[in-house]
Amino acid sequence: MEKKDSGVGDDAEVQLDCSAVMADIWLMLDGECAPEAKARLQQHLDSCQPCLAHYGIESELKALIGRKCGGDAAPDGLRDRLRIQIRQQTTIITRTDPQQ
């Protein structure tokens with residue numbers, strides 16, 4: 001039985017279990033893994049066919065989403081309009097306790 005990697009320390013003997021790999025696949029696909037974590041994930045994928053197959057499906061899904069949704073761009077000026085709106089927001093604090 002494989003031990004679950006808690007993400008603490010650099011214990012080379014700790015192996016990832018499949019549920020830990022499934023939880024971190026999108027981090028790896030998005031390039032958001034630390035190099036050490038990516039190496040551990042890749043080592044598990046290289047030795048676990050079910051996880052490798054799942055990784056392949058998720059990779060294809062990411063590519064499909066990128067093709068279908070990746071070309072959408074926000075309208076010109078949206079960033080500036082959002083900044084103005086955020087600056088104009090006013091916070092109103094109401095007290096529910098009448099003795100305050």
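Residues are classed by relative accessible area as buried under 20%, exposed over 50% and partly exposed in between (1.4 Å probe, protein chains only). The model is a predicted one, in which local features need pLDDT of at least 70 and side-chain atom pairs count only at pLDDT 80 or more, while totals for chains, interfaces and linings use all residues. Residues are numbered from 1 along each chain as its sequence is written, and side-chain values use heavy atoms, with hydrogens and water left out.

Helices are DSSP runs (H or I, at least four residues) numbered from the N terminus. Helix α1 (residues 18-29) packs with helix α3 (residues 49-69) at an angle of about 30°, the axes being 10 Å apart. The α1 helix is therefore roughly parallel to α3 (angles under 35 degrees; axes are lines fitted to C-alpha atoms over the stretch in contact, and angles run from 0 to 180 degrees between N-to-C directions). In the contact (heavy atoms within 4.5 Å), Cys18, Val21, Met22, Ile25, Trp26, Met28 and Leu29 of α1 meet Cys51, His54, Tyr55, Glu58, Ser59, Leu61 and Lys62 of α3. Of these residues, ten are nonpolar, two polar and two charged (Asp, Glu, Lys and Arg count as charged; Ala, Val, Leu, Ile, Met, Phe, Trp, Tyr, Cys and Pro as nonpolar; the others, Gly among them, as polar).

One salt bridge is found in the whole structure (a side-chain nitrogen of Lys or Arg within 4 Å of a carboxyl oxygen of Asp or Glu). Asp30 pairs with Lys62 in a salt bridge whose closest N and O atoms are 2.7 Å apart. Asp30 lies in the loop between α1 and α2 (35-47) and Lys62 in helix α3, so the pair ties together parts 32 residues apart in sequence. Asp30 is partly exposed, at a relative accessible area of 36%, and Lys62 is partly exposed, at 31%.

Conventions: Helix = DSSP H or I, 4+ residues; strand = E, 2+ residues; numbered from the N terminus. Parallel < 35°, antiparallel > 145°, perpendicular 65-115°, else oblique.
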